[in-house]
Amino acid sequence: MATDTAALVELRGVTRTYGQVAALEDFSLAIHADQPRIIAIVGESGSGKTTLARVLLGLVAPTSGHVLYQGRDLHALSGTERRAFRRDIQAIFQDPYGVYNPFYRVDHVLTTPVARFRLAKSRTEARGLIADALRAVGLRPEEILGRYPHQLSGGQRQRVMVARALLLRPHLIVADEPVSMVDASLRATILGSLRQLNQERGISIIYITHDLATAYQVADSIIVLYRAAVAEAGDVELVVKAPKHPYTQLLIASIPQVSTERTWLADEAAKPQDQPGDGGCRFVARCPHAMPLCRRSVPSLLRTEPRRDVACHLYTGGVQQETLAGVSADR
Amino acid sequence: MNAFVLRVEGLRVSYDHPAGAVRAVDDVSFSLRPHERFGLAGESGSGKSTMALAILRLIRPPGHIDGGEVWLEDTRLSALSDEAMRRLRLAGIALVPQGSMNALNPVVRIRGQIADALADHDAPLSPRLLAARVRDLLGQVGLPPPVADMYPHELSGGMKQRACIAIAICLRPKVIIADEPTSALDVVVQRQVMATLARVQQELGAAVVLVGHDMGLMAQFVDRLGVMYAGRLVEIAPIADIITTPKHPYTQMLIATLPSLERKGMMQGIPGLAPLLRDLPPGCAFHPRCPMAAERCRAERPLLRDFGGRQAACHFA
């Protein structure tokens with residue numbers, strides 16, 4: 001079911017280059033406020049994940065293409081609209097240490113947005129809002145408030161950041177590697193909080209990660225980036241269980257599994273070395289299925305099934321679409 | 001002749017703190033056979049990195065080694081002078097520290113950093129021999145010769161980590177201690193770096209201690225695993241036994257933290273937090289988080305017991 005109203009946020013053909021290097025190329029994505037989803041963006045370092053987050057948050061302007069907030073170009077927003085955007089789209093970053101000023105109590109990161117966006121009329125109301133937000137992410141306010149950042153665990157610090165985002169009642173949270181620096185024992189809890197915010201409060205979440213396994217656990221749909229462009233996108237069950245793009249296949253094979261079958265290192269030995277190709281498919285130098293065509297022409301992103309897009313010459317039957325499969329309104 | 005290349009016996013490390021000393025490693029013992037790959041797993045704060053540093057006598061104040069011995073073959077490390085210990089590092093036991101890619105000197109080319117390591121251990125080479133040695137070392141870790149003349153910032157994360165491995169093996173150590181060597185790398189590169197480490201280890205005939213918290217990585221890399229909790233080893237067993245029949249509830253839960261690619265909703269956290277080392281719960285340190293905890297667990301600390309080729313410290317094991 002397509003919606004008539006403008007998307008909450010839309011990227012249209014966004015390219016961002018740094019000097020000669022494209023960090024993100026011709027990327028399109030629409031997020032509708034009335035269809036809260038969790039979309040995972042997966043890729044290796046340098047694939048453009050963080051550039052995408054920064055473009056979405058309006059921290060970096062696209063070199064070409066457009067970023068729209070409720071149908072209006074981001075750079076054309078008025079002061080009031082920009083404020084609304086800043087509130088509506090919240091960010092959670094990788095480092096749950098670096099985001100805190102060690103000299104302030106953790107309360108500071110919670111009271112600041114309440115004051116800045118005038119969320120409460122009184123101190124009591126502000127305290128109530130903050131306590132609710134902390135409880136929503138599974139923290140006990142009395143164990144958190146009044147403490148300094150170093151007195152909290154990494155997992156607690158990161159959940160306080162989720163609570164901070166939640167305070168502003170956003171429609172979208174962009175979480176850039178939110179659990180890569182916390183212990184495995186705490187990852188499930190933090191990702192569980194994100195999932196809960198999505199289901200209970202209708203907040204869309206962009207989960208940026210290099211970890212395909214957590215992406216599978218958390219997300220509804222997934223976008224696999226490789227060297228600045230989409231390699232494969234679609235429903236998370238389809239993409240993870242039956243990956244089509246050779247890069248997605250490599251990513252999945254690279255995850256070390258808890259298993260008594262030890263094939264992980266053996267499979268690595270025969271793999272071609274990584275070297276940048278010039279022209280043609282970005283993945284050609286590493287691809288076990290490379291054909292002469294792959295060296296000549298860049299594969300376009302085609303819809304191979306109702307809920308999947310793939311950019312690979314192995315799959316030619318598809319049709320080019322404007323929006324990503326399994327991500328946007330067109331079900 | 002000693003059957004073990006490295007023996008750690010009753011090692012204890014504490015850190016001084018105004019509120020009293022904190023024991024970070026408490027009575028830890030394990031042994032490594034030549035060629036063996038041994039894993040040390042646990043959450044942050046479990047003492048696994050402190051272990052790695054203590055083996056090399058690299059604990060700095062306010063930390064200190066309170067007791068126990070480390071043997072490298074027939075050498076008792078605590079008996080060595082500081083100078084002899086300095087020589088033994090890298091030559092006998094090499095460390096690939098956590099985030100070691102950031103430990104490379106940013107203003108020295110890779111060749112210079114390898115030359116420094118050799119010169120510092122009285123193995124300086126003529127420029128011609130050095131060039132050949134550097135080429136060999138880089139080849140061993142799968143880096144092309146031009147890398148020798150590059151600066152760290154010109155290399156990718158995976159290449160930097162391989163350069164660190166090249167430095168670690170330059171004096172053919174008997175033991176390589178790798179502390180989360182791939183935690184900052186993505187999975188594809190992680191597999192390349194671990195494959196490199198495995199190959200280099202085989203060529204050298206060295207033993208490896210892999211410190212980390214990723215049970216998937218442990219399952220695929222190590223032969224035996226020690227699981228640490230709150231400064232103590234709570235289970236040691238061959239890796240296949242750990243995976244198929246973990247004896248300690250903490251080991252079971254550590255395995256369950258790994259997200260499955262097969263079924264959704266299979267990823268679990270471990271409830272509660274790791275205990276503060278200066279305020280350990282009485283009895284079993286794990287009992288506040290343990291689903292099986294009983295009266296005995298709250299009163300009596302379980303000792304590491306033998307179960308035929310494996311050990312576990314749990315009253316219910």
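Modeller: Helices (H or I, at least four residues) and strands (E, at least two) are DSSP runs, numbered from the N terminus. On that count, chain A has 12 helices and 13 strands. The model is predicted, so local features need pLDDT of at least 70, side-chain atom pairs count only at pLDDT 80 or more, and totals for chains, interfaces and linings use all residues. Residues are numbered from 1 along each chain as its sequence is written, while chains are lettered from A and ligands numbered from 1 in the order in which they are written.

Nine strands of chain A form an open sheet, in the order β6-β7-β8-β3-β9-β10-β12-β11-β13, with mixed pairing. Two strands pair if DSSP finds at least two bridges between them. At the edges are β6 (89–92) and β13 (319–320) of chain A, each pairing on one side only.

Strands of a sheet pair through backbone hydrogen bonds, either parallel or antiparallel. Within chain A, β10 (residues 229–235) and β12 (residues 308–310) run antiparallel and are joined by three bridges. Here Glu232(A) stands opposite Val310(A) in β12(A).

Helix α1 (residues 49–56) of chain A lies across β3 (38–42), β7 (172–176), β8 (204–209) and β9 (221–226) of chain A. Its direction is at about 150 degrees to β7(A), where axes are lines fitted to C-alpha atoms, for helices over the stretch in contact, and angles run from 0 to 180 degrees between N-to-C directions. Residues are in contact if their C-beta atoms, placed from the backbone, lie within 7 Å. Among contacts in chain A between residues at least 6 apart in sequence, 64% join residues at least 24 apart.

Definitions and conventions
Contact = placed C-beta atoms within 7 Å.
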